[in-house]
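Me: Please take a close look at one part of this model. How is that part built, and what does it touch?

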Amino acid sequence: MTLDVSQFVGVFLEESFEGLDLMEAGLLQFNEDDPEAVNSIFRAAHSIKGGAGTFGFREVSDFTHGAETLLDQIRQGERPMNREISDTLLCAVDCIRDMLRAASDGGEADTARLLETRAAIENLLGTPPAEAAGQDAVQDAEQAAAACGWRIVFKPHADMMKTGNDPLRLIAELERFGPLSVKTRADALPSLSDMEPEACHLHWEIELQATADEAELRAVFDWVEDECELRLESLGASSDAPLPAPAGGRPDTGGTPAVAARPAESARRNDASSIRVAVEKVDSLVNLVGELVITQSMLNQVGNANGEFDVAQVERLREGLGQLERQTRELQEGVMGIRMLPISFVFSRFPRVVRDMAGALGKSVELRMEGEETELDKGLIEKLADPLTHLVRNAIDHGIESAEQRVAAGKPAAGQISLKAYHQGGNIVVEVADDGAGLNREKLLAKAASQGLPVSDSMPDRDVWALIFAAGFSTAEKVTDISGRGVGMDVVRRNIEAVNGRVEIDSAPGQGTHIILRLPLTLAILDGMSVHVGDQTYILPLTAILESIQPSTEQLGTVGGVGRVVHLRGDYLPLIALHETFGVEPKARRPEDGIVIITAASDGRAALLVDGLGAQHQVVIKSLETNYRKVPGISGATIMGDGKVAMILDVDMLLRLRHMH
Amino acid sequence: MAKILAVDDSASMRQMLAFTLQHAGHEVREADNGKAALDAAQAGAVDLVISDVNMPVMDGITLVKSLRGLPAFRFTPILLLTTESSPEKKSEGKAAGATGWIVKPFNPDQLLATVQRVLG
């Protein structure tokens with residue numbers, strides 16, 4: 001029978017990644033005086049090694065072995081922790097993570113780095129970097145030729161049974177190798193009055209007819225090696241009949257572990273992501289459902305009142321509906337809360353990022369984090385990781401000056417980077433601030449002009465700072481390994497906008513740069529406004545709406561005879577008629593008869609022409625891509641209270657579509 | 001079949017143990033550290049304990065010592081799951097009163113063979 005354990009690979013990977021995070025955090029703030037901290041780092045490595053072997057990730061388990069040995073020596077106080085060791089171990093953490101990730105999504109691990117880190121660990125351990133594999137594979141090659149039979153004298157110590165080892169079981173086990181003849185010796189049995197019932201006073205002489213080799217037989221007594229006297233004598237070849245073949249063939253004594261089949265493949269099947277939820281959250285949901293059931297039965301009573309409906313019941317009905325509303329809202333919040341994780345899931349990587357980068361650049365940087373417990377949607381957390389990392393790296397590379405420059409400017413030698421997260425009016429705000437040199441207005445303007453971007457010297461600061469988010473824009477004088485390839489900040493902005501968020505930037509020369517990300521609480525629900533075009537209803541994200549007007553004929557015009565514009569307080573905004581974009585028969589053919597909504601898009605403001613405004617809604621976002629296909633200008637769909645489907649508009653895309661036509 | 005207490009701080013290892021042992025018809029209870037195992041052991045009959053060595057709160061060696069101190073567990077087989085195949089670790093476990101060990105990594109067949117070996 002072979003059982004398939006690949007179903008546990010998903011759990012194993014999940015807990016291993018958690019373990020690696022724990023190791024990383026522990027190594028970053030290593031403290032000799034806290035033995036439990038060392039222990040927990042060691043345990044994480046130990047669990048990964050054991051699990052990896054069991055679930056078939058043999059290379060991971062081999063690789064982790066070195067790190068585990070190092071940690072064990074530190075834990076035992078045989079080796080002091082130092083910067084070299086912690087750096088090497090951090091590299092090892094990366095390598096293990098890399099290998100597990102490669103195993104789980106079928107990618108390739110960075111072999112060069114693996115070998116390098118492995119060599120570094122072996123160097124620290126003082127072992128020659130050789131014999132990576134196969135030491136245990138050919139152990140029995142040099143075993144002496146098997147004898148034809150054995151005489152075994154087995155004399156357990158009196159205490160042997162106290163470790164749960166039963167001598168009879170051991171003897172029975174020998175039967176697997178061939179026929180036995182067993183003599184029980186009671187010579188040492190004391191008189192009844194002296195006999196201790198829990199001790200073993202007997203010993204055995206066993207003759208075994210089998211070709212098994214000595215090591216195999218000794219393996220049976222493996223566990224009791226120190227608790228018995230064991231003598232094995234070869235009986236030599238039998239002269240008459242050939243001996244019976246050993247029953248059952250070679251026993252599996254657990255010496256050489258077999259590797260489970262194709263773990264990588266099975267891991268890929270398990271990639272459905274899962275989420276861990278605090279039991280209290282689930283309990284409160286169960287509680288709410290309980291209350292809901294009570295409300296339902298209360299409303300049922302009102303509804304099932306036999307005979308005519310009593311006016312006195314109206315009050316109860318109202319009360320019930322009120323309760324229902326409250327409970328539904330709480331249930332919604334509770335369910336959404338399940339997807340919420342503390343932002344520390346992203347923040348936790350930054351001590352490492354800052355340490356590594358500051359080290360590489362020879363700068364001294366302190367990191368401060370605030371509001372790590374702020375919760376946000378799991379999906380958002382995943383989408384936030386890359387942009388935030390980029391911002392932090394940028395701040396260290398471009399923001400923070402070298403120690404000499406800082407001291408010369410009268411600032412402390414160590415730069416400061418602060419990460420802050422908090423809730424603000426239904427949004428999550430994440431701030432990345434540094435106390436570095438700040439942005440240079442002249443340099444930005446010159447660079448923008450040289451790239452052909454429309455700029456003027458009179459532009460307000462805010463617009464100048466926003467230039468760094470333009471595609472392909474980089475002011476780094478030399479392209480460093482870390483940033484400055486000019487593919488950064490525009491990607492940051494796009495990623496944040498893709499989750500309906502916004503990026504703001506503020507900077508003061510000599511005092512630093514401050515970047516603010518505003519994000520919705522969740523990806524699953526959107527605050528929107530319904531708008532009508534013909535017989536269709538669309539949802540416009542509230543964050544995109546600035547105002548709505550009923551345009552007068554004088555406000556409408558065309559540019560170059562083609563592009564229509566709306567003239568609003570001195571600005572000309574492009575007019576997008578939704579009925580044209582989506583091919584719907586409108587009620588208001590002329591813009592004057594409809595409503596124009598002024599929207600804020602990343603590339604500026606735009607005016608959308610619709611027939612009329614509906615109401616403000618919280619809508620549940622359904623993906624159009626998974627259920628149908630991607631439609632330009634539409635970011636998703638939702639089901640309205642009346643059961644109709646409404647499309648959710650993507651204002652940025654609508655504006656870009658217009659440029660294309 | 002036998003009542004087995006599986007002790008490991010790693011959820012995947014616990015689930016794998018439980019799955020394999022249950023598949024072979026055993027009744028399995030789980031605990032995620034030595035302390036929890038000790039509580040579970042006192043709450044109901046146990047025929048065999050399989051425990052990890054390195055665990056938070058209470059490690060496997062301490063668990064073995066504590067169990068051997070309980071009258072009901074004087075002769076109960078206790079197997080330690082260990083990656084340390086080094087002799088010191090084994091003798092430490094033995095000295096505490098462990099019956100034997102299962103060396104990680106192991107596959108389900110090896111686990112069941114070892115369990116079979118202890119339960120007879």
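Reply: The secondary structure of chain B consists of five helices and five strands (DSSP runs numbered from the N terminus, with at least four residues of H or I for a helix and at least two of E for a strand). The model is predicted, so local features need pLDDT of at least 70 and side-chain atom pairs 80 or more, while totals for chains, interfaces and linings use all residues. Residues are numbered from 1 along each chain as its sequence is written, and chains are lettered from A and ligands numbered from 1 in the order written.

Along the sequence, the elements of chain B follow the pattern β-α-β-α-β-α-β-α-β-α. Chain B has 120 residues, of which 53% count as buried (20 or more other C-beta atoms within 10 Å of a residue's own; 12 or fewer is exposed, in between partly exposed; C-beta atoms are placed from the backbone). Among contacts in chain B between residues at least 6 apart in sequence, 58% join residues at least 24 apart (a contact means C-beta atoms, placed from the backbone, within 7 Å).

Chain B also touches chain A. The contact takes 36 residues from chain B and 33 residues from chain A. On the side of chain B that touches chain A, the elements giving two or more residues are helix 1 (11-23), helix 4 (87-96), strand 5 (100-103) and helix 5 (108-119) of chain B. Helix 1 of chain B supplies the largest share of that side, with seven residues. By residue type, the side of chain B that touches chain A divides into 14 nonpolar, 16 polar and six charged (nonpolar: Ala, Val, Leu, Ile, Met, Phe, Trp, Tyr, Cys, Pro; charged: Asp, Glu, Lys, Arg; polar: the others, Gly among them).

On to the partner chain. Chain A has an open sheet of five strands in the order 6-8-9-11-10, with mixed pairing (strands pair if DSSP finds at least two bridges between them). Strand 6 (365-370) and strand 10 (502-508) of chain A are the edges of this sheet; each has a single partner strand, so one side of each is left without a neighbour in the sheet. Strand 10 of chain A runs antiparallel to strand 11 (residues 512-520) of chain A, and seven bridges join the two. In this part of the sheet, Asp506(A) stands opposite His514(A) of strand 11 of chain A.

Conventions:
Two residues are in contact if their C-beta atoms, placed from the backbone, lie within 7 Å.
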